[in-house]
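Here's a quick briefing to read alongside the model. Have the sequence and the 3D view open as you go.

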Amino acid sequence: MDVLKTLFSRSRETRARLEQHRARLYRIAYAWTHNRALADDLVQETLAKALAKSGQLRDPNAGEAWLYSILANCFRDHFRRQRDTEPMDEIELVAESTPESESSELEIVRKVRAAMGRLPFPQRQVLSLVDLEGFSYVEVARVLEIPIGTVMSRLCRARAALKTQLMNDMQRLAGGQEAKIRRIK
């Protein structure tokens with residue numbers, strides 16, 4: 001009876017701990033896929049696998065990296081099964097601000113996401129984990145099962161490429177505004 005009680009309480013604790021990571025897992029999955037339904041499916045699959053395999057986790061301190069490595073594996077498995085990608089859905093953001101500032105913020109988010117979407121996948125993956133989700137380099141290396149030097153070089157290249165793309169977008173936009181002003185005169 002005590003064994004069953006311990007197992008059920010452990011299961012509840014594990015389930016509660018996993019549930020705390022759901023929103024973060026979803027943000028990462030969405031950053032990787034740009035597809036809400038797919039991100040939701042990946043999170044569900046990740047949590048189900050983590051719950052089923054929670055007894056295999058040997059180092060409790062590595063639990064977070066373990067969980068996110070399951071997400072990375074689920075993501076890889078998905079693309080092994082299905083090579084095609086789906087177009088990005090409309091993004092709804094809720095903010096307590098004016099419509100103008102909200103529109104401006106949405107435009108910036110759209111541009112950054114578009115620029116991130118043009119990055120090679122390994123760079124996008126590292127950039128989303130480090131810069132968007134706040135993982136350390138060591139954690140990202142564990143999650144993606146790559147050397148820490150590779151994490152650092154991919155991140156450096158991703159940031160440089162993202163900066164270049166955003167600067168080019170701004171220059172194109174500035175050129176377009178001048179053209180609009182000329183038309184008004």
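Buried residues (under 20% relative accessible area, with exposed meaning over 50% and partly exposed in between, using a 1.4 Å probe on protein chains only) make up 30% of the 185 residues in the protein chain. Keep in mind that this is a predicted model, where local features need pLDDT of at least 70, side-chain atom pairs count only at pLDDT 80 or more, and totals for chains, interfaces and linings use all residues. Residues are numbered from 1 along each chain as its sequence is written, and side-chain values use heavy atoms, leaving out hydrogens and water.

**Overall layout**

- The protein chain has 8 helices and 0 strands, where helices (H or I, at least four residues) and strands (E, at least two) are DSSP runs numbered from the N terminus.
- Read from the N terminus, the elements go α-α-α-α-α-α-α-α.
- Take the contacts (heavy atoms within 4.5 Å) between residues at least 6 apart in sequence: 65% of them join residues at least 24 apart.

**Helix H4**

- H4 covers residues 63–81, and its 19 residues should span 27 Å at 1.5 Å a residue; the end C-alpha atoms are 27 Å apart, so the two agree. The expected span is 1.5 Å times one less than the number of residues.
- Buried residues in H4 include Gly63, Ala65, Leu67, Tyr68, Cys74, Phe75 and His78.

**H2 against H6**

- The axes of H2 (residues 22–33) and H6 (residues 121–132) come within 9 Å and cross at roughly 150 degrees. Axes are lines fitted to C-alpha atoms, for helices over the stretch in contact, and angles run from 0 to 180 degrees between N-to-C directions.
- H2 and H6 are therefore roughly antiparallel (over 145 degrees; under 35 is roughly parallel, 65 to 115 roughly perpendicular and the rest oblique).
- On the H2 side, Ile28, Ala31 and Trp32 make the contact, and on the H6 side it's Phe121, Arg124, Gln125, Ser128, Leu129 and Leu132.
- Sorted by class, that contact has 6 nonpolar, 2 polar and 1 charged (Ala, Val, Leu, Ile, Met, Phe, Trp, Tyr, Cys and Pro are nonpolar, Asp, Glu, Lys and Arg charged, and the others, Gly among them, polar).

**H6 against H7**

- H6 and H7 (residues 137–144) have axes that come within 10 Å and cross at roughly 135 degrees, which makes H6 oblique to H7.
- Gln125, Val126, Leu129 and Val130 of H6 meet Tyr137, Val140, Val143 and Leu144 of H7.
- This contact of H6 with H7 has 7 nonpolar, 1 polar and no charged residues.
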